[in-house]
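Please look through the sequence and the fold before reading on. The points below take a few places in turn.

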Amino acid sequence: MAYDIRKVAVLGSGVMGSGIAAQLTNAGIPCLLLDIVPPNPKPGDDVTSKAFRNSFSSGAIAKFAKQKPAPLMSKRALEILEVGNFDDDMGRLAEVDWVIEVVVENLAIKQKVFANVEANIRPGTIVTSNTSGLSIKGMTEGRGDDFKRHFLVTHFFNPVRYMKLLELVEGEDTDPAVTAAVHAFGEETLGKGIVYGKDTTNFIANRIGVYGMMKTIEEMRRAELTVEEVDKIFGPAMGRPSSAIFRTGDLVGLDTFLHVAKNCYDTLVHDEEREVFRAPDFLEAMVQRGMLGDKSGGGFYKKAKGADGGKAILSLSLDTLEYVEQKKVRFDSLGAVRSVDDVRKRVAMMLDADDTAAKFAKKVTLDVLAYASRRIPEIADDVVNVDRGMRWGFGWDIGPFETWDAIGVEKGLAMMAELGIEPAAWVKEMVAAGRTSFYGVDGAADTFWDIPSRASKVAPESRRNLRVEHLKRTGGKVKENFGATLWDMGDDVLLVEFHTKMNAIDDDIIAMLDAAVDEAEANYKGIVIGNDATPAFSAGANIMALLMGARGGQWDMIRKMVGDFQRVNQRLRYSKIPVVTAPGGLALGGGAEVTMAGNAVQAKSELYMGLVEVGVGLIPGGGGNLQMLRNVYGSYALDPDFDPFPFIKKVFLSIGMAKVVTSAEEAKEAGFLNPTDGISMNGDFALFDAKQRALGMYEAGFRPPRPSRFLLPGTHGRATIDMMLYDMQLNNQISDYDRHIGSKLAGVLTGGDCSPTVPVTEERLLEIELEAFLSLCGEERTHARLEAMLTTGKPLRN
């Protein structure tokens, strides 16, 4: 049977339920969100009204606007999200293809809900639970065979939009075709990373992650370390997220964390490390006092006034449960690894050091690695599922077995032996068989050591998961310089990969973009511009080079640098072969301009894009003003019946207010992307999808677009915008220099000294943009803004 999931119902509108519903609508899937009717009406409540009866689910949606990080990629997602309640709307389950249960973790309640679900769904409807620990056998007790065949666990992680992990757990009766359908939908439509767990307490990620957190707490007391010291040690230095241990607890909620730990302690009676999960007294006391983390205003950390009266983040003393000012954390080992970019080298160096921080990190890490090895095959069949679970669910850069490989398997075993830590027997057997790493490479593919067969196997991966690492392994390099590499993606498509710091645009990148067009026009069918999962597609231009040039009066150099960037962006657009850009993460300033230079965009759904140059005292200089006018106004730009000013105003406010959109969907709405541009919900698929788009354009007979021309209002339009800026200055919304920059921007967007009846060419707009950019480069207050951004990372308002 083929399963086509077109509409989904979510039962339970709490944080997880509403988050799952939001992600479904982010992906364009209509969703019905149901919850109970409020049990305790207040005097005056109209208990028969939909507003009252649906208030739990509608109230959850109302909270979306205030939630940070935002669960929705666009407010328009709400158009396909409906609400209801269990009493009135369970009959509507017959409309849906998948029902996701997210009610309270109480077996009796879940059994009652599933009985109601079974009475209302169509045969063949998929039903799943988001439980984090209740058994499938218990939840499906009393249900029919068809229900059990279509039932499994789908365990999402919070916040659902941002956490990649989706754990799938099958029951004894689950039809493998149902699991395959949910896997494909979760990975391709919802953008999730799929791992397979067993029907055991807390599955994979929470079992290992909570063990690691509880073990850290246990060992920190022995090492006499503070909350902030632990978080510095087990943050980026050890390949973990900056939230580390205690900040993560505050984000999750300490009541939730305590519940998961207690669940482990209560149910894992045969776990050799069961006592690690016993909640310490201070954690019990914190929850009793309502110190739950961010949701209550304070947990292990709390925002408050510092000793100097300014804002401060205080940390908790675990001895007194009082908040104290954080002390500066200094360890030699942390200092030594700070500048090491390679996470595997960084972790190995950290564990080789000999100070207090390193010894603490070594003991906790080796305990976690050994524990993870002993949990196979109890919680998962292989190292791949465990590692992916920790990377995607807890934000680790490398999972436990990837960490062990970084240390060296044999070296790790020796270190464990010194500390009296016992790993699983299969690890020693693997080494005895001559295999000295959990992972390897076979051609372009990743391999792993399969425990049952005692042999190497290819790690399962979607064919759409195309990474630069694959191209490196197959010798696909065409050209390279310090700033970028040109790769052969196969099928006659080239990839331009940036690799400067934060992929900032510089002369090397511009040169490689030129080289890409030369090579592609001669020998290839298309170009993709993108990279693997990094924080930035490109965070902008190299402002250090710009500031040094401006300070030194090197105007010819700056003119050439900016002019070359304009020229190469135009060349990308009007090349005779299709150019597809694949941005994800940060695409700011010059990064946004490269994105818009292509003939099409295939964006990762998580995209943070904007033309933010005003923050450093400039305006876009690589063609960004032209590109935005083209996207927003271009279709109407030669029609005299259309007033250009509303279009210009939209572009002006976007650039002038340095607006940064927070998703690819928002980028479309703001005009950074076009309605026809593509979005890859799973960012791992973006390069493959972009390649297919380029090939499709070529095979469909691609021809470069005609250059745009624009009817613009000229000086009259600039004066209108300046009046708006004047009012903003009077109201202290902007500074006088902000107004000055805004006036320069307005001059570009309105076409300079043009006639409103004579179309302005792209070349002319680029000339006006370049002159305005250079004039701002020469101003001292712009230099001050550039210096502030370089030194503090924050814009200066002067």
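1. Helices here are DSSP runs of H or I with at least four residues, numbered from the N terminus. The model is a predicted one. Helix α1 covers residues 15–26, and N26 belongs to it.

2. Is N26 buried or exposed? N26 counts as buried because its relative accessibility is 5%, and the cut-off for buried is under 20%. Apart from neighbours within four places in sequence, N26 touches P71, L72, M73, S74, A77, R161 and M681. By contrast, I36 lies 10 residues from N26 in sequence, with 24 Å between their C-alpha atoms.

3. Strands β9 (residues 301–305) and β10 (residues 311–316) pair in the antiparallel sense, with five bridges. Within this pair, K303 sits opposite I313 of β10. The two strands make a hairpin, and five residues lie between them. In the turn, G309 has a positive phi of about 90°. As a general point, side chains in a regular strand alternate between the two faces of the sheet.

4. How many disulfides does the structure hold? The count is zero. A disulfide is a covalent bond between the sulfur atoms of two cysteines.

5. On the surface, M544, M548 and L790 make up a nonpolar patch, with about 280 Å² of accessible area together. M544 lies in helix α23, which spans residues 543–551.

Methods:
Residues are numbered from 1 along each chain as its sequence is written. This is a predicted model: local features need pLDDT of at least 70, side-chain atom pairs count only at pLDDT 80 or more; totals for chains, interfaces and linings use all residues. Side-chain values use heavy atoms; hydrogens and water are left out. Two strands pair if DSSP finds at least two bridges between them. A disulfide is a pair of cysteine sulfur atoms within 2.5 Å. Patches are made of residues with over 30% relative accessible area and no salt bridge: like charges are joined within 9 Å, nonpolar side chains (Val, Leu, Ile, Met, Phe, Trp, Tyr) within 5 Å. Accessible areas come from the Shrake-Rupley method with a 1.4 Å probe; for residues, only the protein chains shown count as cover. A salt bridge is a side-chain nitrogen of Lys or Arg within 4 Å of a carboxyl oxygen of Asp or Glu. Buried means under 20% relative accessible area, exposed over 50%, partly exposed in between (1.4 Å probe, protein chains only). Contact means heavy atoms within 4.5 Å.
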